[in-house]
Every structure is written in C-alpha cells, then in structure tokens.
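Here's a quick tour of one protein model, written for someone new to reading structures. Have a look at the sequence and the 3D view, then follow the topics below.

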Amino acid sequence: MRNLLIVESAGKIKKLKSILGSDWDVKASIGHIRQLANDGDGSLGFELGSNTIDCRYIPRDDRAKQTIAGLIAAAKQADRVFIASDPDREGEVIGWHIAQVLKLQQPQRVVYQEITESAVKKAIASPRSLDMALVEAGRCRDCLDKLVGYKGSPLIWRLNNGAKSVGRVQSATLHLICQREREIQAFIPQDYWSVFVDYAEGFRAFYNGTAQAVSALAEEETNDDAGATEKVAESTRVLSQAEAERLVEIGKSNPHQVKSIEGKLAPKKPPASFITSSLQQAAGARLKFSPEHTMSVAQKLYEAGLITYMRTDSVELSQDFCTAAREWLLAHDRDNVPTKVAKQRSSKDAQEAHEAVRPTDITKASSELKQQLSADEFALYLMIWMRSIASQCKPAQIRKTTIVTQSGEIQWQARGQMLEFAG
C-alpha cells in the first residue's frame, strides 16, 4: 500500500522518509498554496452575506501552481493521503486548502509535536479530521487582513515613507503605541534624592523615615482590628536637596545603632521551559540572535527532530519528558531532584495547544551534536536543553535579610540576600 504524507516544509522530508520507510512518499506544500482572490468589491476576493462569507481562492504564485500540480499527481499514485502540516492554526488552514485542491472527502490529519519515530508513527496510527474551528478562525483572519489592509493602506501610502500596508496586527500595535505616547506626554517628572549610609561592615542602608512614624504605623497596625483609622505610611522619598542634606547631617552627627535584624529563607522556583516569546528573548539577550534568526534556527532543530514544535505559548511538559528529566537528575545531580514533579503555570491567556519548547531526547551526547550542528544551532539547542532540565529541578533557596538601624530620630534600612542553594 502506497502512502503519501504532506508536510509544510521541504526541510522535513529527509527526516520523515528515514522514519517512515519505502512505502511512504513525503511531499511539501512549501507553506500556503492558496490565497484570497483579488477580484470582486474592493478586490477583496470575498462577498459578505448576512450570515456568511463567500470566499474565492487562487494559487499564491507560479510556484504554488507547480506545487499544487505536484501534490495532485502524487495523490493519484497513493492509496492513502495524510496531511501533516504544522500543529497550529496556520497549519490547520494549510491542511484545509490541501484537502480542497486534492478533493479529499475525509482528510486524514496527523499532528505531532516532535519529529521523532515514536511521535510520528503514533500520530499516523490515530489520524483525526480537520479542526474546522481552527480552519474558520484562520480563514476569518485572512478576510480581516484584506478588510483592514486593503481599506486602510491607501491612507499611509500618502505619507510616502515606504510603508506598504496596514494590517490587523499593525493597526492594534499602533493603537497601543499611541496610548503609551499619550501617557508619556502626560507624565510629570519629579526629582528625588537617594540618601543612604555606607557602613564599615560592608552594607548600605537607605533612609527609611523617622522612628516616630515607624512606631505610629506599627501601633495602627496593632489596633487595626479595633477600628483604627486608615494607615498612612510616611513617605521615604526625599524630594529636595535641602532635605537630603539635612538627613545626611543627622546621619553624620549621631551614633548609629542596630534596631532589628530579620532573616528568612525563601524558595525561588526554577524558570519554566521556553515558550516562543521567552525563547526569542533569551536568545536575544544571551546569543544576540534576532527574533527572526532565532525562529529560523529553531525551525531547523525541529525539522532535525531535536526539539519540539517551537511555536507555543504553553509551559506544560509531557509526562514522558518529566520522567526522563528526573532520571537524568538522579544520575547526574541527585541534590537537585525535587520530592515531586515540578509544575509550571501557563499564562491565563495561553491557548496551550502544544508543549513547551524542549529537547526530544535529553540523553543525546553534546559532543556528537556539536559536530552535526552549526554553531548557532548548537548554541540554541544547548540553551533549550539547559532551560528544560532546570525547570525540573528543586527551587533555589535564598537567604533574605533586612537590617534596620537608627541615628537620632532617623531610621535606615538595608536589604540583602545570599544564595544558599542554587537549585
């Protein structure tokens, strides 16, 4: 039986063929193959009805025409056709377009988060139908792009500054920028002075108000349950140079006494595994990669089967990976094994359709990978590997100390922390 697997990127074909064997043909759509036509009212390519939108699609370009012809020819030679476009909304829309041009009655959609033998074969063994909620969301987005872009773009063409289009994302971003700019313009700057004492013992304490104000505030807090008036803390912000100099003089002319020392041990959770945005931020800060370069390198790692899908907003990790990470820690860093599996919490707005970005196999030898990958690929892979393992470690333990001193009626406060366990 001849099988056809259709993916988005040609870079995945070699890896997938090595996994699936000789009974499989693997073809790539090279991303989107169709787009809305440029005809009809306002060249939108669709008609708005009372409750429906009638869309008309055409091949994106000449290359897409060739791709469509190649996919149709390959599908005629296959007994079964599986659509394995990327596991996101865009991938679902691309899969729908492929099913449309191939006239597939019951499209077999397969989804995997990593290009490994176990993940790919498991996905093929249990294909599903296309998720039409995602498809319609993607098609709606295309219509919004045209409605906003085609209608609004002529406005910015008049600026003659090289800008080409107004899109749904750019428009919302411009709105946020305008809001922030108004806040900046309305902001009234205020000068203030930092007043502090450097002690011979090696710490710095900052002005913390008068002793009377601190005592009164503590008394109000004690009597709060008895219906005391609302607490108003004394401001410790010094707003004039004269006041700063007066406090300095008090600090110089009076002996200093330690009034209190408080210390506590506080845990600090390990960082969560990378999502798309945090991966871009970390790669920019540590590796000096642009967001575009980060995603390009991550795409190559994904296609090579080394990491999971790199477009995600979820910090969740599979149970298999958590178990493997725990076993690795037991073998290499036993002191960092938590009593139970570390859990990370995603943002409340996360769609959580995928796992976090993580290695597919944490046992791969770095010496071998360094020879197989480019310098940028290896650096990004190593960063992803370390972050994923770190997310499964014990929390760090930090000793936080607060020291309050007094000179005359002025109190000073020093805060410090020491790392007791790195985690």
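Let's start with Glu92, which sits in helix α3; helices here are DSSP runs of H or I with at least four residues, strands are runs of E with at least two, and both are numbered from the N terminus. Keep in mind that this is a predicted model, where local features need pLDDT of at least 70 and side-chain atom pairs count only at pLDDT 80 or more, while totals for chains, interfaces and linings use all residues. Residues are numbered from 1 along each chain as its sequence is written, and side-chain values use heavy atoms, with hydrogens and water left out.

- Is Glu92 buried or exposed? Glu92 is buried, because its relative accessible area is 1% (buried means under 20%, exposed over 50%, and partly exposed in between, using a 1.4 Å probe and protein chains only).
- The Glu92 side chain makes a polar contact with the backbone nitrogen of Asp131, at 2.7 Å (a polar contact is a pair of N or O atoms within 3.5 Å; within protein, one must be able to donate a hydrogen and the other to accept it, and residues adjacent in sequence count only if both atoms are side-chain atoms).
- Leaving out residues up to four places away in sequence, Glu92 touches a list that includes Arg109, Arg128, Asp131 and Val135 (contact means heavy atoms within 4.5 Å).

**Helix α5**
- Asp131 turns up again at the start of α5, where one of its side-chain oxygens comes within 3.1 Å of the backbone nitrogen of Ala133.
- Helix α5 runs over residues 132–157, which makes 26 residues. From first C-alpha to last it reaches 36 Å, close to the expected 38 Å (the expected span is 1.5 Å times one less than the number of residues).
- Where is the kink in α5 centred? It's at Gly149, with a bend of about 30 degrees (the angle between axes fitted to the seven residues ending there and the seven starting there).
- Gly149 is also one of the buried residues of α5, a group that includes Val135, Arg139, Cys143 and Ile156.
- Those buried residues pack against several elements, among them β3 (34–36), α3 (89–102) and α6 (168–186).

- Ser43 is found in the loop between β3 and β4, and it counts as partly exposed because its relative accessibility is 31%.
- Ser43 and Leu147 are 104 residues apart in sequence, yet 9.9 Å apart in space, C-alpha to C-alpha.
- Ser43 touches Ala37, Asn38, Lys146 and Tyr150, not counting residues up to four places away in sequence.

**Rings and charges**
- How many aromatic pairs does a search of the whole structure find? It finds seven (rings of Phe, Tyr and Trp, using its six-membered ring, pair if their centres lie within 6.5 Å; planes under 30 degrees apart are stacked, over 60 edge-to-face, and the rest tilted).
- One of these is Tyr302 with Tyr309, an edge-to-face pair at 5.3 Å centre to centre and 65 degrees between the planes. Both tyrosines are buried.
- Arg204 lies over the face of Phe196, 3.9 Å from the ring centre (this needs NZ of Lys or CZ of Arg within 6 Å of the ring centre and within 35 degrees of the ring normal).
- Arg237 lies over the face of Tyr192, at 4.2 Å from the ring centre.

**Positive phi in two lysines**
- Most residues other than glycine have a negative phi.
- Lys103 has a positive phi of about 55 degrees, and it is found in the loop between α3 and β8 (108–109).
- Lys288 has a phi near 60 degrees, and it is found in the loop between α9 (276–287) and α10 (291–303).
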